[in-house]
Amino acid sequence: MGAHPKGDAQIKDNRIAQTTLGQWIAHFPACLGSKVKDTFQGQLPFLFKVLSVNTALSIQAHPNRELAARLHAHFPEYYPDNNHKPEMAIALTPFQGLCGFRPVEEILEFLKCVPEFHALVGKEAVEELQCSVGDAVRISQALKKCFTRMMNCEKKVFVDQLNMLVKRVTEEVAAGKDTSSSNGDLLLRLHSQYPGDIGCFSIYFLNNMVLDPGQAMFLGANEPHAYLYGDCIECMACSDNTVRAGLTPKYIDVNTLCEMLNYSPAPASSKIFPCVQDPSDPCVELYDPPVPDFSVMRIQVPASVKQYTMAPVDSASILLVIEGDAVATSVAALSDVTLRRGTVLFVSANESVSLHITSSSGMNMFRACCLL
């Protein structure tokens, strides 16, 4: 949902001359709101998505603006635009992902308990990591060395080690042993989806996160991550730039990835991004990340409320209905709009929308916008 040239949203109202959202915004740029229009050169600055992840999505990171411009200039076939791509995932169901480097103590524990992982990183790099504990700068350097060594392993070497590890863990599971010290359950699941993929070893470097519905994680530039399982709402800057490192059949750019990553270890709990209650509307919680491109509101209208007004904001917004039924009216709309699960509405800046709620269980909606 958005106006990226590779996926411009279709307008479903046949009374409107423009067929895509991008065309409509180009004809009526004031709909963005004056600040958004000026700051983002007449473009809608965000993309809004719903992901239903059954098979793990690739281990990846997104470049900052400076790197995005360089990558796009040199490799436009792999990096289709020059924008950064910070993103935020908000869980709709229990949602599992990998995000950021684990605390060093956890990585060292895996290096001790998983000899196959140790073999790929190599003795010298492991010792350097052990000696760096307590010094943040040295930790980053040592972590970069460890991760880069593993990612640049010869294919035959890592496939042999991975096969040995999978065989060992499978035998331990069959014998009823606890395999948590080698993250066995996740290893076997990822290996069944991507056999022989170096990404299977990334579970020993990255935090394994499980978000409850409504919890979010924000992924800034250069943050390594992978979505593993579950449904989420995702909002991001309007870009398609992704540097991949594994768990994928797509183009893998190992050198760029290893150079760009943020090698600052932190516990999984620190990666959960909090929402705040809107002081003027008890139905609204705001996820407002530290980038200008986007924010997301979660709107939960209780069953007892039958009339609800969505407050105007000084930004174009996209509204997605997750649950509930209503009839929406707005001064700008050509006619009433029926809302149900899956309805997507584009709301121009400074427009309020009145909902007459018809479902007995209230409404659950998400609204993406740009709060400058």
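Two strands count as paired if DSSP finds at least two bridges between them, where strands are DSSP runs of E with at least two residues and helices are runs of H or I with at least four, both numbered from the N terminus. This is a predicted model, in which local features need pLDDT of at least 70, side-chain atom pairs count only at pLDDT 80 or more, and totals for chains, interfaces and linings use all residues. Residues are numbered from 1 along each chain as its sequence is written, and side-chain values use heavy atoms, with hydrogens and water left out.

Begin by selecting the open sheet of 4 strands, which run in the order 13-18-15-16 with antiparallel pairing. Strand 13 (307-310) and strand 16 (337-339) are at the edges with a single partner strand each, so one side of each has no neighbour in the sheet.

Next, show strand 13 together with strand 18 (residues 353-357), which pair in the antiparallel sense over 4 bridges; here Tyr 308 stands opposite Leu 355 in strand 18.

Now select residues 122-206, which UniProt, in an unreviewed entry, lists as "domain: Phosphomannose isomerase type I helical insertion"; such annotations may be inferred rather than shown by experiment. This span is 66% helix and 1% strand, and its end C-alpha atoms lie 18 Å apart.

Finally, centre on Ser 202, in the loop between helix 9 (184-193) and strand 5 (206-211). Is Ser 202 buried or exposed? Ser 202 counts as buried, because its relative accessibility is 2%, and buried means under 20% relative accessible area (1.4 Å probe, protein chains only). Not counting residues up to four places away in sequence, Ser 202 touches Ile 59, Leu 98 and Met 150, where contact means heavy atoms within 4.5 Å.

Definitions and conventions: Buried means under 20% relative accessible area, exposed over 50%, partly exposed in between (1.4 Å probe, protein chains only).
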